[in-house]
Amino acid sequence: MSNQHASAEQALGTTGIVKRGADAAESRVANRIWWDADADDYHETHGDFLGAADFVWCPEGVREDDVRFLGEVAGQRVLEVGCGSAPCARWLKDNKADVAAFDISEGMLRHARVNNAATGIDVPLVQASADQLPFRNDSFDAACSAFGAVPFVADVQEVFRELARVLRPGAPWVFSVNHPMRWIFPDDPGPLGLTVTQSYFDRTPYVEVDDEGRATYVEHHRTLGDYVRALTNTGFVVEDLVEPEWPKGHTRNWGQWSPLRGKLFPGTAIFRTRLTS
Ligand SMILES: C[S@@+](CC[C@H](N)C(=O)[O-])C[C@H]1O[C@@H](n2cnc3c(N)ncnc32)[C@H](O)[C@@H]1O
């Protein structure tokens with residue numbers, strides 16, 4: 001819990017943090033209500049950095065326009081996972097991809113509809129959870145996610161299995177998440193965020209609760225090895241693991257991401273993977 005999310009916490013009656021298990025259904029409900037409650041603040045705080053039709057992979061500011069992790073997207077059917085207000089999907093459509101985007105949160109999708117209207121780049125939006133995809137087999141040529149869904153689902157292998165189902169063989173699946181090593185530190189952009197307080201190997205979820213113990217926010221931790229195993233178990237090959245360095249002159253904090261921490265250790269992991277042919 002932190003002051004950065006005070007209004008969401010107040011709206012949801014969040015009163016504490018516990019370390020305990022949280023299954024798939026509880027994680028889905030908690031994160032849907034949390035992102036609904038935080039959607040306005042999230043976009044007020046980060047909207048200008050994200051843009052309305054830009055593809056920013058992470059707080060370090062890596063842009064798809066520069067790195068082209070997805071390769072040539074023109075004419076490709078691309079799925080954006082956990083799209084939020086869907087700036088990445090709009091960038092993809094602007095680059096001639098045939099795109100679809102989904103998110104579990106109606107609050108986030110409301111911002112996506114507003115930005116569809118504001119930009120005139122109208123991307124199809126679906127409300128769904130990443131572990132229960134409402135798409136046909138082999139219906140996409142690529143999938144991507146900028147911090148969407150993956151850290152919030154209880155069973156990440158189920159997400160990758162679903163993506164393997166809806167992607168065609170050989171398709172790229174590229175996603176960014178909090179770098180797993182950040183788990184060991186408090187979520188603090190300042191000096192407090194430099195001291196280890198828990199084990200990297202402790203996978204017990206971080207759960208915020210209300211006064212009846214109901215989860216109001218859930219985050220799941222996987223080690224780098226857990227990600228690699230979940231990917232390879234579901235048919236993906238890991239082609240690269242990108243750990244963006246904090247750029248010189250980049251002074252903007254994003255929650256726990258800051259120049260102070262960024263120059264010492266990675267904040268983001270971008271997995272570049274591909275479904276086997
Ligand atoms: C950090 S935001 C990132 C949003 C967007 N990609 C961006 O860059 O602004 C995480 C997003 O994941 C979504 N999310 C959380 N759990 C999800 C799930 N199980 N399925 C789909 N989306 C989920 C949230 O609603 C939220 O929009």
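Modeller: A term to start with: helices here are DSSP runs of H or I with at least four residues, numbered from the N terminus. Also, this is a predicted model.

Biologist: Fine. Which helix is Asp-66 found in?

Modeller: Asp-66 belongs to helix H3, which covers residues 64–67.

Biologist: And is Asp-66 exposed or buried?

Modeller: Asp-66 is exposed, because it has 10 C-beta neighbours inside 10 Å, and a residue counts as exposed with 12 or fewer.

Biologist: How far apart are Asp-66 and Phe-175 in space?

Modeller: They are 16 Å apart, C-alpha to C-alpha. In sequence, 109 residues separate Asp-66 from Phe-175.

Biologist: Switching to the ligand. Which residues come nearest?

Modeller: There are 19 residues around the ligand, and the nearest are Trp-35, Gly-82, Gly-84, Ser-105 and Phe-152.

Biologist: Which helix gives the most to that shell?

Modeller: Helix H2, residues 24–50, with four residues.

Biologist: How do the residues of the shell divide into nonpolar, polar and charged?

Modeller: Eleven are nonpolar, six are polar and two are charged.

Biologist: Now the strands. What is the order in the open sheet?

Modeller: The sheet has three strands in the order S1-S7-S8, with antiparallel pairing. S1 and S8 are the edge strands, each pairing on one side only. From one strand to the next, the twist averages 20°.

Biologist: How many bridges between S1 and S7?

Modeller: Five, in the antiparallel sense, between S1 (residues 14–19) and S7 (residues 206–210). Within that pair, Val-18 stands opposite Val-207 in S7.

Biologist: And how many between S7 and S8?

Modeller: Four bridges, again antiparallel, with S8 spanning residues 215–219. Glu-208 has Tyr-217 in S8 as its bridge partner.

Biologist: What holds such strands together in general?

Modeller: Strands of a sheet pair through backbone hydrogen bonds, either parallel or antiparallel.

Biologist: Back to the hairpin of S7 and S8. Which residue takes a positive phi there?

Modeller: Gly-213, with a phi near 85°. That hairpin has four residues between the strands.

Terms used: Residues are numbered from 1 along each chain as its sequence is written. This is a predicted model: local features need pLDDT of at least 70, side-chain atom pairs count only at pLDDT 80 or more; totals for chains, interfaces and linings use all residues. A residue is near a molecule or strand if its C-beta atom, placed from the backbone, lies within 6 Å of it. Helices (H or I, at least four residues) and strands (E, at least two) are DSSP runs, numbered from the N terminus. Ala, Val, Leu, Ile, Met, Phe, Trp, Tyr, Cys and Pro count as nonpolar, Asp, Glu, Lys and Arg as charged, and the others, Gly among them, as polar. A residue is buried if 20 or more other C-beta atoms lie within 10 Å of its own, exposed if 12 or fewer, and partly exposed in between; C-beta atoms are placed from the backbone. Two strands pair if DSSP finds at least two bridges between them. Axes are lines fitted to C-alpha atoms, for helices over the stretch in contact, and angles run from 0 to 180 degrees between N-to-C directions.
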